[in-house]
Structure formats: C-alpha cells, structure tokens
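Please keep the sequence and the structure in view while reading.

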Amino acid sequence: MTLNCVIIDDEPLAADLLASYVKKTPFLKLVGTFSSAVESIKVIRENRIDLIFLDIQMPELSGLEFAKILSRETKIIFTTAFSQYALDAYKANALDYLLKPISYDDFLGGANKAMEWYRSTRQTADTATDRFIFIKSEYKLVKILFDDILYIEGVKDYVKIYLTGGRKPIMSLMNMKKIEEFLPRPEFMRTHRSYIVHMNKIDGIDRFRIVIADAILPISDSYKAELQDYLDGHTLS
C-alpha cells in the first residue's frame, strides 16, 4: 500500500528536507511540494491525497485554518518550529505534531501512524456489510451495487458510472475525489485523473492500458507505481 502525500511549507530548506525523507520512505509517494496552502488546493482537489505534511505559520492561510477545510479522510501531520499550537493541532484531528528541526526517526514515526490508520480503515471497509452506495442522478437517488460497477469516469463536474450488463451509464453531479472516498480500496483504484477502476472487473493490461469490458482506459504516470504494486501482488511469475 502506498500513501500519496504533499508537503506544504513556506521554508524551502524545511520543505526540501521533508521531500528527501519522503523519497527514502518506501510506502510514501510525493505528489507535490507547495510554499502555501492556497497553492496546493487544486492538486488536493483533483487527486487522492492521503497525507499532508503541513506547516502552521504560513502567509495567506495558516496550517490550522487550512486543516479546517480539508476532508477528514485526508490525514495531517503538522511540521512546525512552534510548540504552542500542539493542542490546536490535535483538535484539528492531526495524526502527529513534529517540531523542527525534524529528524528522520520522528518523521518515520509519524508516517507509520498514517499507514496504521489507513490499514485499520481498509480492514473496517473490507469487513463492512454494505456493498452499495446511493447516487443522486436526474433528481432522484439511485442505488448502485459495488459489484455492478465497471469503472467511473470524471467528466468536468460530473462522474459517469459504467455498469455491468451493458446498462446505461449513470451521471451524477460530483467530483472524482468525493466518490473515491466512498469506494473500498484496493477493490477500486484511481488509475488516471479521469478514471477509477473496479479492479475485479479488469480483463487485462495491454501496453499498460486497462482493458475492461469493451473499453480501453489510460493509466497516468502519477498512478503507475501504486497500480504496479497491486499487479505485482496478483501476478504469478
């Protein structure tokens, strides 16, 4: 399992140090480094970000203010030179609070807490009895069984859910990140900015493109590593 992370810190040296720590931590993948919370919003909105290493005192929007608008599914580790914000940080549901200068041991301890949280969440999802979601479509709620989903395509502000049995796809006004949060992993995986795939429904991989039903779906570079990890665990050689 790989956690996608971003670093938000207005101190270049601190950000570079954290980036070097991410690079040598096998289960972390750095999606981006930003000097302010505002700069990161677009990337966080458009990608599945599991973990944010977040400074507190920054221009425009402080780390504590930013934490209030993030999805609770995105976990936070605060990285700061100031100890007085620790209580506020934990009220913001932070996994850890690391004081600068941050050693790799402390960094790895925080990263391991994130991994343990996501593993426990996955186990809970795997044992859940509910195998469906309700989606708003054409002014009504439509029940969709997980087992009926082939893949999901993001089309501007909508998601288009392709179903088994040649049924008509279902459109809903929603972004990809929101629906991704409701789907069990790794049964469903983001393989491209515009696609979430039901891994049980894949017919094959051809030239590192996904073949599913009568569709051929692209795989973007930003999701290749996680997908390859999954494939390696399900491939006989």
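## Aromatic pairs

Rings of Phe, Tyr and Trp (its six-membered ring) are said to pair if their centres lie within 6.5 Å; planes under 30 degrees apart count as stacked, over 60 as edge-to-face and the rest as tilted. By this rule the count comes to 10 aromatic pairs. The model is a predicted one: local features need pLDDT of at least 70, side-chain atom pairs count only at pLDDT 80 or more, and totals for chains, interfaces and linings use all residues. Residues are numbered from 1 along each chain as its sequence is written, and side-chain values use heavy atoms, with hydrogens and water left out.

One of the pairs joins phenylalanine 82 and tyrosine 85, which are edge-to-face at 6.4 Å centre to centre, with 80 degrees between the planes. Tryptophan 117 and tyrosine 118 are also edge-to-face, because their planes stand at 85 degrees, with the ring centres 4.8 Å apart.

## Exposure of the paired rings

A residue is called buried under 20% relative accessible area, exposed over 50%, and partly exposed in between (1.4 Å probe, protein chains only). Phenylalanine 82, at 32%, counts as partly exposed. Tryptophan 117 is likewise partly exposed, at 25%, whereas tyrosine 118 is buried, at 8%.

## Strands and their pairing

Strands (E, at least two residues) are DSSP runs, numbered from the N terminus, and two strands pair if DSSP finds at least two bridges between them. Strand S6 (residues 132-137) and strand S7 (residues 140-145) run antiparallel and are joined by six bridges. Phenylalanine 132 has leucine 145 in S7 as its bridge partner. The two strands S6 and S7 form a hairpin with two residues between them, and glutamate 138 in the turn has a positive phi of about 55 degrees.

An open sheet is formed by three strands in the order S13-S14-S15, with antiparallel pairing. Strand S13 (204-206) and strand S15 (215-217) each have a single partner strand, so one side of each is left without a neighbour in the sheet. Three bridges connect S13 to strand S14 (residues 209-212), and isoleucine 205 has isoleucine 210 in S14 as its bridge partner.

## An exposed leucine

Leucine 173 lies in strand S10 (residues 170-173). With a relative accessible area of 61%, leucine 173 is exposed.

Terms used:
Helix = DSSP H or I, 4+ residues; strand = E, 2+ residues; numbered from the N terminus.
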